[in-house]
Amino acid sequence: MLTITPIGSCRIATPLRLGRQELGYAINGGRLYGYSHSASEAVQQMRYLKGEYTPSTEVWPLIAPGTPLAVKNAETHEESDIYVVEVSSAKTFALGGEFVQLNYLRRHFAEFFVDVPRTLAYMRLCRARDRVAMRDFLGDVWGATARQRKEATVLERIELQFCDAGMLERDLAQLKDGLGRLLIVSHVDAKLPNGQSLNGRDVFIRQVCEVARRLDLPLCDPTQAMRRMGQGRAIADESSGLAHYTEVFARALVHEWFRDWFRPMTQDAMLHDPA
């Protein structure tokens, strides 16, 4: 049976889960530790699948909440026929050189991030990478208790970076070399009520598409499929982050992947199989 591994978020995991019985493939989740959004996070997940990277105990809750590290380390990952890799964010967050997942970071330090002005100020300092200013800021806003001071020793070391085309090309090239047959999936360019894209999402989608084509990587931009269906039917959260798919769109998308990429990939592999 065809085996597929998703590296990304619910935007690829959910369609693949919904389509597996009808389309006849298995999802290989061995050693997958959690969701990811950036290309750098995907490379880190790939290295973990291959046993080339061992997360630190400090980083583990920020990439795999709720799963014991020892349990996941004991798993194995057999090579899949196809890897579906989502690259939906230019932002990377790192702690001591290891990439962490923003949603898990916010969940782990939920009390800190519940305050919007504090969060915005913190993110600006993460990007500036000014450790002295960050330490002073956290001392003012997150140092009232022993627990806050302990959390601040982690928060102050988080670094935010936005990838450029060169970084993106480096990461996608590593994924191409390390995973074999793969499909890159970008974010979807859903529009706000005023017709604008959310936070420059359209710019990053174009960048992902351009770099993937330059590297001759199979690529799906779900935007066209969304427009054919209609954003109102395809996107579940029209009033918020424009990030979640309806079930009907998720099912349509996985059928498109199977028709346009998975079947041709496997047929090509059979033609070139020396056996």
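Mentor: Let's start with Glu 156, which is buried, with a relative accessible area of 13%. Please keep in mind as we go that this is a predicted model. Glu 156 forms a salt bridge with Arg 135, and the closest N and O atoms of the two are 3.5 Å apart. This pair links distant parts of the chain: Glu 156 sits in the loop between helix 8 (146-155) and strand 6 (158-162), while Arg 135 belongs to helix 7 (residues 131-141), 21 residues apart. Arg 135 has a relative accessibility of 41%, so it counts as partly exposed. Salt bridges can also share partners, and in this way Glu 111, Arg 147 and Glu 151 are joined into one network.

How many salt bridges does the structure hold? There are 16. Another of them brings together the side chains of Glu 86 and Arg 11, at 2.9 Å from N to O. Glu 86 lies in strand 3 (residues 82-87) and Arg 11 in helix 1 (residues 10-23), so this pair ties together parts that are 75 residues apart in sequence. Is this pair buried or exposed? Both Glu 86 and Arg 11 are buried.

Now look at Lys 72, which forms a salt bridge with Glu 75; here the closest N and O atoms are 3.2 Å apart. Lys 72 is buried, with a relative accessible area of 10%, whereas Glu 75 is partly exposed, at a relative accessible area of 27%.

That leaves the cysteines. How many disulfides does a search of the whole structure find? The search finds zero. To see why, take Cys 10: the closest cysteine sulfur to its own is in Cys 220, 15 Å away, which is too far for a bond. A disulfide would need the two sulfur atoms within 2.5 Å. Cys 10 itself is partly exposed, with a relative accessible area of 22%. Cys 163 has a relative accessibility of 13% and so counts as buried.

Conventions:
Residues numbered from 1 in each chain as written. Predicted model: local features only at pLDDT ≥ 70, side-chain atom pairs only at ≥ 80, totals over all residues. Heavy atoms only, no water. Salt bridge = Lys/Arg side-chain N within 4 Å of Asp/Glu carboxyl O. Helix = DSSP H or I, 4+ residues; strand = E, 2+ residues; numbered from the N terminus. Buried < 20%, exposed > 50% of the residue type's maximum accessible area, 1.4 Å probe, protein only.
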